[in-house]
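Me: I would like to take this model term by term and ask what each label rests on. Please set every value against its definition before drawing a conclusion.

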Amino acid sequence: MLHIPLGELKKTLVGSGFIDESQFNQAFEEASKTDRDITNIIVEHGDISEEYLAEILADYFDVKFVSLGKIKIPEEVVQIIPENLAKSKKVIPFEAPDDQTLKVAMEDPGDLDAINFLEKSTGRKILPFITTAGSFREALGVYKKSIAKDFTKIIEENVARSKAEGKDAEQMAKDLPVINILNTIMEYAISQRASDVHMEMLPKEFLVRFRIDGILRDIVSLSPVVHPAIVARVKILADIKIDEHRLPQDGRFRYESENSADDSHSTAVRVSVIPAFYGEKVVMRLLEESERFLTLEELGLSSRNFTLVNKAILQPHGMILSTGPTGSGKTTSLYTILHILNRPEVNISTIEDPIEYDVKRVNQIQVNPKINLTFADGLRSLLRQDPDILMVGEIRDKETADMAIHSALTGHLVLSTLHTNDAPGAIPRMIDMGVEPFLLSSTLNLVVAQRLVRKICTNCVTTVKMTDDQKKQLEQTIKALGGKIKLPGKIYKGKGCQECGGSGFKGRIGIFEVMAITPEMQEIMATKVSELSEEKIRVQALADGMVTMMEDGFMKVESGITTLEEVLRVTSE
């Protein structure tokens with residue numbers, strides 16, 4: 001919580017012109033009922049961005065705003081304040097002008113106790129700056145620049161101790177501090193914004209890889225001897241059978257960062273263990289449990305698509321479908337919508353496989369095939385719980401589809417996901433499952449198709465000239481799609497720098513295709529199945545103003561958000 005009186009916060013924010021008094025009062029009421037930070041709620045409502053909020057508060061605290069992602073922090077500077085102290089006091093040193101002063105970025109520059117403590121511990125004059133919570137968490141990664149160095153230190157310390165005790169090489173390997181090794185892997189993965197951690201046995205090594213921005217990268221190679229101990233440690237944390245090595249197993253646990261001052265940014269870890277040829281492979285999906293979810297704009301929705309989605313989610317009943325392949329961000333989009341709709345006056349229930357995020361005040365059920373708890377059965381039970389809003393993790397069969405349609409017809413707002421390549425394909429897919437077209441036409445409100453593209457690193461972005469080959473390829477692609485998509489006037493790329501690990505990319509954003517169900521579309525959907533085609537639906541959607549996924553991607557290319565290659569890569573999959 002910021003060190004600023006509520007009345008002063010209200011005066012400052014309303015005085016900025018970004019929000020009015022009624023918006024502040026609404027956010028305050030919600031914060032009081034849900035026991036959450038009012039500034040997080042204001043940002044989630046889309047009233048103001050996290051960066052603008054920080055800049056407004058900078059004026060109040062009489063400090064400057066700094067975006068840590070746009071500057072290179074020297075390792076010798078960051079080491080002036082130890083990592084555990086930086087986490088507990090929520091400060092990052094980023095510049096030392098001389099031996100007497102130190103510039104630090106803080107989420108709360110009003111925390112005078114923290115500033116006084118740092119001045120005593122460092123012997124320097126502290127110059128506070130304000131930064132966003134997201135920028136602060138990302139900058140903590142500076143402390144984890146080299147996982148190889150960390151492992152070398154852990155192993156060398158252990159070897160020295162083992163040699164002193166007269167142990168042989170095999171015993172030394174077995175005595176390695178497994179908990180410390182796993183914690184180091186987790187801390188590094190979180191600092192690098194990894195979505196998945198892969199740990200797998202190869203013939204002569206135990207390889208650890210991270211998926212960062214959708215791409216797998218080799219991180220470190222460990223001795224094969226530590227493999228059984230690491231796997232056992234993960235199994236213990238995930239509460240699955242340690243002595244089962246022949247069957248796949250799934251579990252989950254919550255990881256709290258070392259020396260974290262609070263648990264507001266803990267990470268939910270979903271674990272999958274499978275028997276492979278050289279030994280069990282572990283994959284851990286990392287899901288950050290931040291107090292603040294993304295806004296629709298942060299997901300990447302354009303102003304037109306934002307308006308359509310916002311209008312649809314405020315409807316009292318009907319169905320919204322999010323479509324795309326695995327890993328395209330469908331579930332994240334639905335959770336964002338759920339979070340927007342999550343108010344004290346509504347009852348929200350979900351049936352998921354698995355539950356990916358723990359959401360306060362939302363009743364979440366996990367599918368369990370072992371006891372025959374399916375999506376359809378869970379949905380049937382939830383309808384007896386007086387819900388206003390329902391989320392079905394995925395519509396996979398006719399029974400679930402029929403139950404979802406029935407729920408939407410009986411006055412509920414239903415959110416769900418579907419595996420189709422684009423938005424128009426969702427309608428034939430539902431009808432193929434056995435849903436009656438006339439029922440679908442009267443319940444479906446909106447279809448959102450999406451993909452994730454890597455964002456160009458803002459620290460090393462530069463304009464480039466489109467090659468003749470690229471232009472030719474684009475023109476052929478556009479011609480195949482009907483020739484109505486405008487070529488981007490400018491294209492950009494990241495040169496590669498320390499901030500992005502030389503990749504030229506940092507983070508991901510969605511490209512979208514939002515199809516509203518207009519009266520004209522309802523009329524087409526209600527026709528005979530034999531007369532209904534995906535092409536017919538697409539033509540009507542385009543006539544209604546739908547922006548295709550590729551076109552939305554090209555707009556982001558022209559804005560310098562992503563590259564041409566990224567858009568072509570994900571739209572041609």
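Me: Which strands does helix α7 lie across, and what makes a stretch a helix or a strand here?

Reply: In this predicted model, local features need a pLDDT of at least 70 and side-chain atom pairs count only at pLDDT 80 or more, while totals for chains, interfaces and linings use all residues. Residues are numbered from 1 along each chain as its sequence is written, and side-chain values use heavy atoms, with hydrogens and water left out. Helices (H or I, at least four residues) and strands (E, at least two) are DSSP runs numbered from the N terminus. Helix α7, residues 112-122, lies across β2, β3 (101-106) and β4, and runs at about 140° to β4. That angle is taken between N-to-C directions on a scale from 0 to 180 degrees, with axes fitted to C-alpha atoms, for helices over the stretch in contact.

Me: What makes β1 and β2 edge strands?

Reply: The open sheet has four strands in the order β1-β4-β3-β2, with mixed pairing. Its edges are β1 (64-65) and β2 (91-95), each of which pairs on one side only.

Me: How do you know that β1 and β4 are paired?

Reply: Two strands pair if DSSP finds at least two bridges between them. β1 and β4 (residues 125-130) are joined in the parallel sense over two bridges, so they meet that cut-off. Within this pair, Lys64 stands opposite Phe129 in β4.

Me: Why does one side of β7 and of β8 lack a neighbour in the sheet?

Reply: The six-stranded open sheet is ordered β7-β6-β5-β10-β9-β8, with antiparallel pairing. β7 (215-222) and β8 are at its edges and have a single partner strand each, so one side of each is left without a neighbour in the sheet. From one strand to the next, the twist averages 20°. Helix α12 (residues 227-238) packs on this sheet and touches β5, β6, β8, β9 and β10, its direction making about 75° with that of β8; touching is a matter of contact, meaning heavy atoms within 4.5 Å.

Me: How many bridges hold the pairs that involve β5, and how many join β9 to β10?

Reply: β5 (residues 194-201) pairs antiparallel with β6 (residues 206-212) over seven bridges, where Asp196 faces Arg211 in β6. Four bridges join β5 to β10, again antiparallel, and His198 has Val283 as its bridge partner in β10. β9 and β10 are antiparallel over nine bridges, with Ser272 opposite Val283 in β10. The two strands form a hairpin with six residues between them, and Gly279 in the turn has a positive phi of about 140°.
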